[in-house]
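Please look through the sequence and the three-dimensional model shown below. The paragraphs that follow begin with the strands and then turn to the chain as a whole.

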Amino acid sequence: MIKTLARVTDIVLKAGAAAQKEIKGGLQPAFSGNVQWPVECKVGPGLEGAIACESKVGYVNGSQGALLYRGYTIFDLCAYATFEEVAYLLTRGSLPTATELTTFKEQLNLFRSVPLTLRRLMSFPVEDMHAMAALRLGTNLMRQEFTSRDLNPSRGGARKVIGTDEDSIPMETLPKGTPEAVYQFTRAPGAVNGEEDEQTGYRAALHLLSGVSTIAAAIARVKRGQMPIDPDPELSFAANYLYMLNGRRPTPVEERIMDISLILHADHGMNASTFAAVVVASTLSDMYASVGAGVAALTGPLHGGANEDVMKMLDQIGDAANVPQWFAAKQARKEKIAGFGHRVYKTYDPRARILGPLAREIARDNPETKRMYATAAALEKVVVTTLGKAKGIYPNVDFFSGLVYRALGIPTELFTPTFAVSRVAGWTARVLEYLEHNRLFRPRAIYTGPTDCTFIPLNQRDRKS
Ligand code: ACO
């Protein structure tokens with residue numbers, strides 16, 4: 001394990017300097033200034049190249065290998081900021097002042113406990129479910145954290161409804177003439193100045209940001225036959241996540257590496273899961289449904305699920321010496337290699353520039369992770385020298401994240417949920433931004449079927465004809 005925090009910062013800054021060399025002539029977004037809709041763009045299958053909306057949340061430059069959150073490079077954010085500062089930056093639009101950060105952390109702390117959600121989730125066979133399926137379920141159950149009664153998604157109003165769960169009825173009160181309230185409802189924590197509780201807004205985003213990490217950690221423990229651990233309000237977001245997973249407070253270096261991993265996964269343009277989240281929001285559904293959609297989309301092996309596949313692949317290859325033969329066979333079968341390639345990056349993914357050297361250094365002390373890193377490094381070399389120049393195939397964020405997670409004691413099945421824990425920041429930031437000028441998503445499909453079929457009654461249909 002890396003010995004000092006200064007060494008971690010050094011690795012990040014060196015990676016930033018290497019990335020900076022790729023950026024020639026500064027970063028120039030293709031579109032800038034006032035956008036005049038409709039815009040012209042070339043669209044490929046899978047909406048490749050399509051422009052869905054305007055955004056100030058983040059910028060990905062795939063040809064120069066750059067990633068910015070609200071104008072700040074991820075290298076500076078990883079070197080100098082915490083995940084809480086980055087989550088504030090993404091959702092609020094600017095870096096917080098010291099006072100704003102303290103308030104933000106207090107709000108997040110209030111939302112770390114999701115007792116009703118966990119209790120409801122545990123009535124499902126979580127131990128037999130894919131961790132992402134359980135997380136998706138938990139995210140949707142969170143919508144009912146403050147009440148058992150379902151709410152009108154577009155109107156919300158949790159304080160107006162009756163909580164039927166015994167935990168949410170601290171005391172009986174006399175009816176005051178309102179038809180809806182007989183029992184006092186447990187007020188959602190974090191509500192300020194009589195602000196209406198609502199499901200679509202910023203507080204739902206904060207609730208999810210904290211709650212999803214608690215649910216993910218609980219899922220991991222239940223799957224290992226252990227009891228969930230209560231969050232520790234004294235710990236940072238990153239340290240608390242590791243604590244709830246492993247049952248021990250991490251070292252400052254482990255905490256910092258977790259923090260960096262969270263920062264690196266927090267946002268990434270209009271990727272599949274973010275798009276899914278925003279599409280759901282555009283129907284004026286609610287934040288919980290949006291984040292649930294994001295979790296669903298992130299599950300697949302072409303997106304967030306790749307980090308699990310990478311570890312399985314490295315296990316399967318077994319040793320660096322086996323890489324040439326394994327790669328040749330894979331190429332002969334025209335199969336893709338997990339953790340490589342990207343729809344946007346046709347150069348080195350800047351996130352992999354940080355995670356690669358971090359993985360190398362933290363894998364060193366453990367013979368198993370050391371062997372896996374050596375295998376990964378050998379595979380990286382052969383893929384970059386063959387497919388890199390020819391097709392722009394380089395390691396993506398998922399190639400090294402698994403090695404880093406493993407060194408932090410995160411079980412493999414929790415790799416993709418850990419990605420989700422962080423990406424909640426990006427999903428919610430972009431949903432909040434999109435809803436400011438909401439327009440229902442409704443793209444078209446190119447119809448390629450027939451237009452002149454004559455209806456055949458059921459008893460006359462014959463597949464051969
Ligand atoms: N290994 C080998 N060849 C690849 C790979 C790969 N991982 N990825 C793309 N290629 C090749 C394709 O075979 C294709 O070659 P061809 O033109 O000779 O047919 C060419 O590169 C273009 O590939 P596409 O699939 O069209 O590229 P696309 O932009 O759709 O793919 C994707 C992006 C889905 C991520 C792809 O690279 C892939 O499947 N990678 C492996 C899974 C993975 O790591 N996913 C995580 C992505 S990062 C994230 O979501 C957080």
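In which sense do β2 and strand β3 pair, and over how many bridges? In this predicted model, the two strands pair in the antiparallel sense, over 2 bridges. Strand β3 consists of residues 72-73, and its residue T73 is the bridge partner of L68. The two strands belong to a hairpin with 2 residues between them. In this hairpin, R70 takes a positive phi near 50°.

On its other pairing, β2 meets strand β1, which covers residues 58-61. This pairing is also antiparallel, and it extends over 4 bridges. One of the residues involved is N61, whose bridge partner in β2 is A66.

Consider now the whole chain. It contains 17 helices and 3 strands. Of its 465 residues, 50% count as buried. The accessible surface comes to about 22,800 Å², and 54% of this surface belongs to carbon and sulfur atoms. Finally, among contacts between residues at least 6 apart in sequence, 72% join residues at least 24 apart.

How values were computed
Residues are numbered from 1 along each chain as its sequence is written. This is a predicted model: local features need pLDDT of at least 70, side-chain atom pairs count only at pLDDT 80 or more; totals for chains, interfaces and linings use all residues. Side-chain values use heavy atoms; hydrogens and water are left out. Two strands pair if DSSP finds at least two bridges between them. Buried means under 20% relative accessible area, exposed over 50%, partly exposed in between (1.4 Å probe, protein chains only). Contact means heavy atoms within 4.5 Å. Accessible areas come from the Shrake-Rupley method with a 1.4 Å probe; for residues, only the protein chains shown count as cover.
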